[in-house]
Amino acid sequence: MSKFTSDLVNGIAPYVPGEQPRGKTFIKLNTNENPYFTNKNAIKIIDKGVLEKLNRYSDPECSSLTKAIADYYGVDKDNVLVTNGSDEALAFAFFAYGKSGVCYPDVTYGFYDVIANLYCCPIEHIDLNNDFTVDETMYFNSGKTVVIANPNAQTGIELPKEKLENITKNNQSNVVIVDQAYADFGENNAIDLIKKYPNLLVINTFSKSRSLAGARVGYAIGDKALIEDIKKVKNSFHPYNVNSISAALAEQAILDDEYFKATVQKVKKSRNVLSEELKQLGFICLSSSANFVLAKHGKISGDQLYLKLKDNGVLVRHFNDKRISDFVRITVGTEDEIAELLRITKTIINDEI
Ligand SMILES: *Cc1c(COP(=O)(O)O)cnc(C)c1O
């Protein structure tokens, strides 16, 4: 750190991403990426002349992708803002609405604390129930911007749509942000509620269900007025926030719906196999509606299991947060990757017993 920074910068605790190893090959089940290719049409973007147009700036409105997303969800293009990953959409929303405070579960996506601190938004953590579900009544009339990841990050547990609607209905004087990074793997998409609730901002990403983590594309969907707010932040920060290649890839991912649905089904099926097999080995698994499973075993601590798996070439994620430090989070990989993880886990557990 140099001597030139302010106290604010000195005090920042930045987000620590999951390991992205280069060189040694791991079975990589640690950052909730999708193991499958993004879409059958991706290669077509080259035929469409996207590369030839790279000397020009990208479209600051991302018009074509915005329209594809709006059409897909049956909303107007003025209800959509495309961003550089959904982390950027979250950052714009925290900047726009977080000044008087943000509240969210004590166990959730770690990036919320980081952005809230960066933008000086006072934070209230609301405890999940003992079974890691959200008690929706704790969010009613919160007087703060509510942020709910649904399904929740780290736990994978999904809040039923009626409960989410109740939170939104009971917070009409503030914004409710629903982070749907994993919603395509679950059953409770809230996008249609934006027509009913002008305080609801849904944020989504192409990184997980649409296999484009490296392209960095996300979006926010909400009432026109909310989109105007965050667009204002975007245009004050980075008007050309999404590059033309990524925007074109994301558009193809939306258009290739059949492939998308088939891929999501494959991941859901493998997730259920993974949970069932882990339970057979004596694990406790939280019921996941996402593309990962949070699991713990009475015979071995979360960090020991993480380390032993890593020694054996499998990367999973372990969090030090008190409430989930006994667990590891395993991303759903291909069928072969899951089989290998289970084989290695079995030998580790047998050694421990
Ligand atoms: C992965 C993830 C994101 C970030 O996604 P990007 O679009 O890659 O920035 C946001 N929220 C949650 C809950 C996530 O798990």
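Because the model is predicted, local features were required to have pLDDT of at least 70 and side-chain atom pairs pLDDT 80 or more, while totals for chains, interfaces and linings use all residues. Residues are numbered from 1 along each chain as its sequence is written, and side-chain values use heavy atoms, with hydrogens and water left out.

The structure holds 14 aromatic pairs, a pair being two rings of Phe, Tyr or Trp (its six-membered ring) with centres within 6.5 Å, counted as stacked if the planes are under 30 degrees apart, as edge-to-face if over 60 and as tilted otherwise. The ring centres of Y72 and Y73 are 5.0 Å apart and the planes stand at 90 degrees, so this pair is edge-to-face. An edge-to-face arrangement is also formed by Y109 and Y112, with 5.5 Å from centre to centre and 90 degrees between the planes. Accessibility was classed as buried (under 20% relative accessible area), exposed (over 50%) or partly exposed (in between), using a 1.4 Å probe and protein chains only. On this scale Y72 is partly exposed at 28%, whereas Y73 is buried at 17%; in the other pair, Y109 is buried at 18% and Y112 is buried at 0%. Y109 and Y112 belong to one aromatic cluster that also contains Y15, F94, Y104 and F111.

Charge-over-ring contacts were assigned where NZ of Lys or CZ of Arg is within 6 Å of the ring centre and within 35 degrees of the ring normal. The charged end of R210 sits over the ring of Y72, at 5.1 Å from its centre, and R210 also lies over the face of F260, where the distance to the ring centre is 3.7 Å.

Helices are DSSP runs of H or I with at least four residues, numbered from the N terminus. Helix α4 comprises the 13 residues 85-97 and reaches 19 Å from its first C-alpha to its last, close to the 18 Å expected at 1.5 Å a residue, the expected span being 1.5 Å times one less than the number of residues. This helix is mostly covered, since 10 of its 13 residues are buried; among them are G85, E88, L90, F92 and F94, and F94 is also one of the residues of the aromatic cluster.

L8, which is found in helix α1 (residues 7-10), is partly exposed at 41%.

A salt bridge was defined as a side-chain nitrogen of Lys or Arg within 4 Å of a carboxyl oxygen of Asp or Glu, and by this rule the count comes to 14. D71 and K67 are bridged with their closest N and O atoms 2.7 Å apart, and both lie in helix α3 (residues 63-73), four residues apart, about one turn of the helix. D257 and K261 form a salt bridge at 2.6 Å between the closest N and O atoms, and these residues are likewise four residues apart, in helix α9 (residues 257-280). An α-helix has 3.6 residues a turn, so residues three or four places apart point the same way. K67 is partly exposed at 46%, as is K261 at 47%. A further salt bridge joins D78 and K77 (3.7 Å, N to O), with D78 partly exposed at 28%.

Note on methods:
Helices (H or I, at least four residues) and strands (E, at least two) are DSSP runs, numbered from the N terminus.
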